[in-house]
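Let me put the structure up and we'll go through it together.

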Amino acid sequence: MKKVYYNHLNESVYHHTLQNGLRVYMIPKNDFHKVFATFTTHYGSFDQSFISPKTGKKVNQPEGIAHFLEHKMFSMPDKTDAFETLSKFGVNANAYTNFDRTSYLFSGTKNIEGALNYLLDFVQTPYFTVKSVKKEQGIIAEELRMYADYPNQRLFYGLLQNLYQKHPMHVEIGGTVESIHKITAKKLYDAYETFYHPSNMEVVLVGNFDPDAMLKLIEDNQANKGYQYQEPIKRFMPKEPKAIRTAHAEIEMPVVMPKLALGVKLTPASGKDALKKDIALAILMDMYFSNSTKNYQQLLNSRLINESFEYTSIEEEQAFTMAFFGDTVDPTLLKSRLTKMILALKRQKHDPVVFERQKKSTLGSFIMSLNSLESISMGFTNYLANGVSMFEVPEIIESVTIEDIQAIAKDIHPKRIASFVVMPAKSQKASV
Amino acid sequence: MILVDQTKKFKTVLITLKFKRVAKVDEFAFRTLLPSVLRTKTNQYKNRQQFNEKLESMYGASLTSNTNKTGILSIIHVQLKLVNPSLALDHKLFSEGLNFLKEYIYGHDTFNEKDFELEKSLLIEEVVSKENDKTRFALTRLFEEMCQGELYGARVSGTKAQLEALTFKQFKKMYKDFVENDELQIILSGDVDKKDVSLTQTIFPNASFSPMDFLDYETKSVQAVTEVVEHDKISQTKLNIGYRFPIRQGDSKHVAAVLFNAALGGYVHSRLFLNVREKHSLCYYVSSVYDAYKGILFIYSGVDAKRLDLAKKVIDEEVKRMCTERISEKELALSKQALINDLKESEDSQGARQNLIYIQTLLGKTPTLAERIEKIEQVTPEDLLEVGKLLVKDTVYLLDVER
């Protein structure tokens, strides 16, 4: 087992890869009561198309299947519910599906060994029947309908749909009520057998435990499960053109004020470079749109934005996006003002004082995020997707230069800006 | 007195100011608006930009402020979160933070009417847009209907009408009253030492701490269950049910009431979740919450609109079973375990620890973690039946799809 100590942050990471390919990362923090455990597969809503290792044939699957599979993993062959069993250990269990991964997790203050053993066991026990799939379709359809009522969710995906033509990013992680009805037990097994092999998975433990004892527990648990070597999975991502799908679209919902989303499609990178670009974009946006900037003040004073205004960088595999969201009385005017401000970045001469201040602020915010076991655990898994250990991030922040910021600003193209608007449904017009 | 939670566990230092007074409905609008107006400018920071630049230069320190109701109190919380100065290698950071907070609250020889009007309309927009969150909106409506005429039924952030009616002149007068009459309580948390505490006392000589019973005893006797139905363009019906549950924090039955709620709908092992959501697939979320400052319990759920009647029936049955049938030791043990786990977990959160210390000190009771766990262990299935007898259904609020 390898141990790396990060002096400046006073954190240690233990790492070991098991014989069956499962990667284990442990971050002991013994002044906490809690342990936060995650068991993650690199399988998310992006992975709809792949070569089945069993048959060697290409498989195309319905939208939303990774999320559906996550739900179904909790049904056990003995008719028990894994969620319920975990809660009997006295731990809080959860699971989530992202674009590129599915995580099963629990946090607790006692029975950690038992709960961890069970976490590994239940995720490695697929059990899908025709009947249980049908029942789950009802539950997930209800979940999707609930999301359909969330204007911010519609806004987010609406923007991505306008920006991306082929990239699966424009598809909701949960799929649609229609697509999930195409899911069958057989399809779930196909996905499971491909993506839930230990070599495509990792365990991350953070909190109060002894690393040696935990590693032994995981090794013993995996020893007798008979996993055979599996080749790296071949996945297919459709090739995304540089051009956007459409510059603008609108829908109506029962909201009180119009909502605008505006995004810029940028050139993606991969691995550590992508992470550095992501940080550089975040600093760039802070320099020109944070609440200490002229742009922000102008938009606020002309009453085009309010507290809901936010911006973010969205960095995913083969996709890199600059995005703005906000409620506004005049989406058309806000859109044109924001677009002007964004395009002005291309020829902007950047002030080193502002740059350094925002870099310092980015660093501080990162250190603050190390406060909870949960955010360390989530963050750690997240940065691993870029091949980076979370505690190296401060160095990457330090390494960002004004030239990096400039390069991103130059990548902004007027034809690659899209917007999406949620308008109040007729009967709901706001009176403000 | 400054409350201190000294610990090296976290990477941040929290400086929390709490301004408290007994809540009055006609002051809600002012108290909600105040923190944002204070940010627009101070004597030292001439505008919002300068103010926010200062925060950024303190390693992205975050200043959060909000106003809420805790029992009968209205509390304005102001919290500055700093990177632990030793990690930022900047030892002036703590005193810089204190002085910044002082300037934020007290550095206002004048206010600007334009700033006031802007913040006011921004807040009105926020209040109105909160109605977009239908789950939350349906809960607010439940409390308004159930607790008509009680403090609890009033919207804490003030209504649109209350905000619109607030004038600049009134605002200035109320600010003066706030500075003079709110009690300032301060809590420090993180890697702080004695020097930091005395520096805090020097910079805020007006900080004090007087314990008080802040619980909300207002209630009514329920003659018949009120049912309110409203419609909206939504795809899922929100079904909320409110009960009077006249047991409050510190009552001898309090811990049993907490466990009653835990077994009914507080957790994923609870009956509502298992029977309404899992067994019958009637809804996506269903939970119960017990408010021990007020003595009420409520169930909130998002229900498949087509099966609303069945959902209502199943929820009623589950509540009835809790109140009339003795729960097994085994089932109760699950809730105890979950609750104890929560207590321990909250020791790992800097914010939760601060809240706990604050509430405990306010009530003048500071049991240790071990003592609190022991109290939970002592509760019996009979205790749950006893508290169940006190539960009275008051109001059903439905935000339904358009039919």
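So, how much area do chain B and chain A bury between them? About 5,600 Å², with 54% of that on carbon and sulfur atoms. Keep in mind as I go that this is a predicted model.

Who takes part in the contact? Chain B puts in 60 residues, and chain A puts in 66 residues.

Now the charged pairs. Between chain B and chain A we count five salt bridges. One of them joins A:E11 to B:K11, and their closest N and O atoms sit 2.5 Å apart.

Which pieces of chain B are doing the touching? The elements of chain B that give two or more residues to the side facing chain A include helix 2 (48-57), strand 4 (73-83) and helix 12 (329-346). Helix 4 of chain B gives the most, with nine residues. If you sort that side of chain B by class, you get 21 nonpolar, 16 polar and 23 charged residues.

Okay, confidence. Chain B has a mean pLDDT of 93, and 100% of its residues reach 70 or more. Among its elements, helix 7 (residues 168-181) has the highest mean, 98, while helix 10 has the lowest, 83. Helix 10 of chain B, residues 271-279, is also on that list of elements giving two or more residues to the side that touches chain A. For the complex, the predictor gives an ipTM of 0.83 and a pTM of 0.86.

Key. Residues are numbered from 1 along each chain as its sequence is written. Chains are lettered from A and ligands numbered from 1 in the order in which they are written. This is a predicted model: local features need pLDDT of at least 70, side-chain atom pairs count only at pLDDT 80 or more; totals for chains, interfaces and linings use all residues. Side-chain values use heavy atoms; hydrogens and water are left out. Contact means heavy atoms within 4.5 Å. Buried area is the accessible area (1.4 Å probe) that two parts lose on being put together, summed over both. A salt bridge is a side-chain nitrogen of Lys or Arg within 4 Å of a carboxyl oxygen of Asp or Glu. Helices (H or I, at least four residues) and strands (E, at least two) are DSSP runs, numbered from the N terminus. Ala, Val, Leu, Ile, Met, Phe, Trp, Tyr, Cys and Pro count as nonpolar, Asp, Glu, Lys and Arg as charged, and the others, Gly among them, as polar. pLDDT is the predictor's confidence in each residue, from 0 to 100.
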